[in-house]
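I opened a new notebook page for this chain.

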Amino acid sequence: MTSTARTTARILLGVIMVGAGVAHLTTQRQEFRAQVPDWFPVDEDLTVVGSGVVEIGLGLAFVLLPSKRRLVGALLAAFFVAIFPGNIAQYVEGVDAFGLDTDSKRLIRLFFQPVLVVWALFGGGWLRRTRNDD
């Protein structure tokens, strides 16, 4: 893979994260609140606002701090792993949000979370064959 592909992946994921974070704080706040599992010990709205702020921060850092891409890519991958239980809960509890209104759709969504983890690691430069593969 080329450094151009990695850079493109990094910038695209960063922009998507900023957009998702802004949506957490504005137009999609209720949808995101519906995805917070009942068992999660933090208030739904605080969880949504906090995760939105984290998404904006990580997204901006991924785009604007290329020298820190490995650190930010690892943090993004860890973030995607950390929020995965919420996606599982949405499936198990049958919560409708973001058009995921069937068990099949919610199940299919679960398979995209590992894609995000790999995307963050790739954009961060973790999935290179050699150090000179930049």
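**Surface.** The protein chain exposes about 7,600 Å², and carbon and sulfur atoms supply 68% of it. Accessible areas come from the Shrake-Rupley method with a 1.4 Å probe, and for residues only the protein chains shown count as cover. I noted that 34% of the 134 residues count as buried. Buried means under 20% relative accessible area, exposed over 50%, and partly exposed in between (1.4 Å probe, protein chains only).

**Ground rules.** This is a predicted model, where local features need pLDDT of at least 70 and side-chain atom pairs count only at pLDDT 80 or more, while totals for chains, interfaces and linings use all residues. Residues are numbered from 1 along each chain as its sequence is written, and side-chain values use heavy atoms, with hydrogens and water left out.

**Fold.** I found six helices and zero strands in the protein chain. Both are DSSP runs, numbered from the N terminus: helices are H or I with at least four residues, strands are E with at least two. The radius of gyration is 16 Å, close to the 14 Å that the globule rule gives for 134 residues, so the chain is as compact as a globular protein of that length. That radius is taken over C-alpha atoms, and the rule is 2.2 Å times the number of residues to the power 0.38. The C-alpha trace spans about 45 × 30 × 25 Å along its principal axes.

The largest pocket has a volume of about 830 Å³. Of its 29 lining residues, Gln35, Glu55, Ile83, Asn87 and Arg109 are the closest to the centre. On a 1 Å grid over the protein atoms alone, a pocket is an open set of points where a 1.4 Å probe fits, with protein on both sides within 12 Å along at least five of seven lines; lining residues have an atom within 4 Å of a point. The volume is the space filled by probe spheres set on the points, which are joined across faces, edges and corners. Which helix gives the most to the lining? It is α4, with seven residues.

**Helix α6.** I listed its buried residues: Gln113, Val117, Ala120, Phe122 and Gly123. They pack against α1, α3, α4 and α5 (103–110). Gly125 follows α6, and its phi is positive, near 85°.

**Glu31.** I found Glu31 in helix α2. Glu31 counts as partly exposed because its relative accessibility is 30%. Glu31 touches Ala97 and Phe98, not counting residues up to four places away in sequence. Contact means heavy atoms within 4.5 Å.
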